[in-house]
Amino acid sequence: MIQVTDLSKKYGGVKVLDISSLEIPQGQSFGLVGNNGAGKTTFFSLLLDLIEPSSGGITNNGVKVNESEAWKPFTSAFLDESFLIGYLTAEEYFYFVGELRGCNKADVDALLAKYEEFFNGEILKSGKYLRDLSKGNMKKVGIIAALIGNPKVIILDEPFANLDPTTVNRLKKILREIAANHETTILISSHDLMHTVDICERIVALSHGEVVKDIRTSEETLKELEEFFAV
Amino acid sequence: MFKKFLTLEWKAFTRSASFATNLALKIVMGLVALYFALVFAALGFAVYYLIKEELQQDPVPTVNRYLIAYFGFDIMFRLMLQKLPVINIRPLLTLPIPRPTIIRFAIGKTVLSFFNFLHWFFFVPFFIVMLVDGQPVLNSILWFVSMISLVYCINFVNILLNNKDNLFYGFMSVAIVLAGLSYYDIFDVTIYTQPIFQALFDTVWAFAIPLVAVIALYFACFRYFIKHLRLDTGLSVKQERARTENFDWLSRYGSTGTFLKNDIRLIKRNKRSRGTVVASIMFLFYGLLFFTGIVEAYDSPGWHMFAAIFVTGGFLFTFGQFVPSWDSAYYNLMMTQNIPYKDYLSSKWWLMVVATAVSTILAAPYLYFGVDIYLMIIGGAIYNMGVNSHLVLLGGAYIKTPIDLNSGKKAFGDKKAFNVKTMLISLPKLLIPVILYWVGSYFFGNMVGFAAVTIAGILGFALRDKVFDIIVKLYKTEKYSTIQAYKQTN
């Protein structure tokens, strides 16, 4: 589904990302781990064509992302708050994203009903604009919005950060359900090794912009990763 | 401690995103500040003699008469623009600094603000001229002290009134009503306020009143903050209660409708964008300067056309120049969604066209100045809709200023909005209709002038798709640098 070839990104002569080859098949749940500055967000930004690669490129379902926009209809993402429209209420935001992704109000309502538990009663009809929500609640809105319109590729940057323990478990459940159908490719990045191992079939560790580990998740994965990141 | 605060301030100033950009801008900003300072200084020197020689009146009582307006304007400006920098206080709260020190610093900072300095530039020269011209020394000094005290009184009152949103509009309505009443000789407020200000000059002890007031207000501010220096009180940012609005009637316009819904919410719910509506209303009155013949130099067909463009174009100019910057806060979202750029643009375009049409209707009272004038406004409106709406969007594509929707602060003259490309694109917005009308009316009469502008406007409509294509291309080629620029919010 996603194919990375000779991808690199430099800022002022300093390489922040350098991946010679990486392939993510359709339906895989893919976890990206690494310390701050390892290049996780840079990689996702390149995948979403928010920054320009210094060399090489990424194809998403056969579409070269920095040359065509045809990847947009089947790809959705939530990287950070710049994906939220602060002056909308949660409902308005969901309907807006829905309309852009070809879903009518009823479709969106059905999806929201499904994830009502995840919102924990604090988001829908809360009488607040998104800009006034807490960080955790903003994240919940962004994540659910990324699920609208049955995307084939879902990209979530640090989805577990800022969430309370209950919500983390609910989110894991949601992501596992989506991963179970083996149609949707899920890419998540995280600092939390345990959560990533719990969800992802495959984990890639980045360090200084390079792939240093590429593991199929098994019983030993967590241990292996913990050793790798040990101080 | 204060020294540390000052270095912090200096860094905040020199490292702010808008300041650090380039040297040219710093120079422009410096020049603007200098310009205002000089204008005020010149005013201070000149006003005295102007009143004395030209108007043959006693300068001090005359100035005292109009001081009410002077301070009135000052209050309005401050309510609109001067904000207490509470955000900068937040990180200091948990540091081992006594609260009174923090508060003295915050209040002290407002004392040093440009809004206060500006008045020194007026009153000091005026005061010097007073002495030179032989006004009684003691009275002059005391009057001067009173004036400066009043300036700082307003400064502190503004702090106390901070966060009260509708005050500005209330104040402005009162000012407009008073100005109107005195213009039509019904009620002249200056007759009642003049003796009060005059007393500050005539009566030796009267200066004590503003002086005591300013000291009292300082302590009032101080006490207010001692009580309210908590995140959930004095330092809180007000939240409004949100109401979901679906605008279902717009759904039938497809994805243009989707964007229209958002744009309407954008304008309604954000301070900065609401300013465009205010601007369009103010521009409606702009024509009065020209069509009434108050200013002789403006009383010619060319200038009239110039004004006619502005009367209906307020919203178009203030809103259009910042497309797509209005969406800067969530530009990443827009760039990862499957957005039909043309529909996105046409939503903004429709907004501008509708606003221009509404302004044209609201401008109907200009019929009072004759059918010719109103025809000019209609011609200008058609030119605005047909040509300027496109030019303004094209210019906006080059402006990469992230907009902080929640602050009305930079609403007047965004520093970064100034660049050569935008300037070049802006020229035809005004020059072409002015020239067309001027040439047409000069050689063949007003109707031909009106027709020329109107036809140019109608021709502009035909260009719509072409211009949209260019803009879409621009958005695409400039995509990465735009995203990069929008990241630098400050």
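User: Which strand do four bridges join to strand β3 of chain A?
Analyst: This is a predicted model. Strand β3 of chain A covers residues 29–33. Its partner here covers residues 202–207 of chain A, and the two run parallel. The strand joined to β3 by four bridges is β9 of chain A.

User: What is the bridge partner of Phe30(A) in β9(A)?
Analyst: Phe30(A) has its bridge partner in β9(A). That partner is Arg202(A).

User: Which strands of chain A stand at the edges of the open sheet?
Analyst: The open sheet has six strands with mixed pairing, in the order β6-β7-β8-β3-β9-β10 of chain A. Each edge strand has a single partner strand, so one side of it is left without a neighbour in the sheet. Neighbouring strands are turned by 15° against each other on average, direction ignored. The edge strands are β6 (75–78) and β10 (210–216) of chain A.

User: Which helix of chain A lies across β3, β9 and β10?
Analyst: The helix covers residues 221–228 of chain A. It runs at about 5° to β9(A). The helix is α8 of chain A.

User: How many residues of chain A are in contact with chain B?
Analyst: On the chain B side, 24 residues take part. On the chain A side, the largest share, five residues, comes from helix α2 (residues 90–100). By class, the chain A side has 14 nonpolar, four polar and eight charged residues. The number of chain A residues in contact with chain B is 26.

User: What distance separates the centres of domain 1 and domain 2 of chain B?
Analyst: Domain 1 of chain B spans 22–228, and domain 2 spans 250–487. Their centres are taken over C-alpha atoms. The separation is 35 Å.

User: Are α14(B) and α16(B) roughly parallel or roughly antiparallel?
Analyst: Helix α14 covers residues 301–320 of chain B, and helix α16 covers residues 341–362 of chain B. Their axes come within 7 Å and cross at roughly 155°. Angles over 145 degrees count as roughly antiparallel. Therefore α14(B) and α16(B) are roughly antiparallel.

User: How many charged residues are in the contact of α14(B) with α16(B)?
Analyst: The α14(B) side includes Val311(B), Phe315(B) and Leu316(B). The α16(B) side includes Met352(B), Ala355(B) and Thr356(B). By class, the contact has six nonpolar and seven polar residues. As for charged residues, there are no such residues: none.

User: What is the handedness of the crossing of α14(B) and α16(B)?
Analyst: The two axes cross at roughly 155°. The crossing of α14(B) and α16(B) is right-handed.

Technical notes:
Residues numbered from 1 in each chain as written. Chains lettered and ligands numbered in written order. Predicted model: local features only at pLDDT ≥ 70, side-chain atom pairs only at ≥ 80, totals over all residues. Pairing = 2+ DSSP bridges. Axes fitted to C-alpha atoms, helices over the stretch in contact; angles between N-to-C directions. Contact = placed C-beta atoms within 7 Å. Domains from an automatic or database assignment. Nonpolar A, V, L, I, M, F, W, Y, C, P; charged D, E, K, R; others polar. Parallel < 35°, antiparallel > 145°, perpendicular 65-115°, else oblique. Left-handed = near helix turned anticlockwise from the far one by under 90°.
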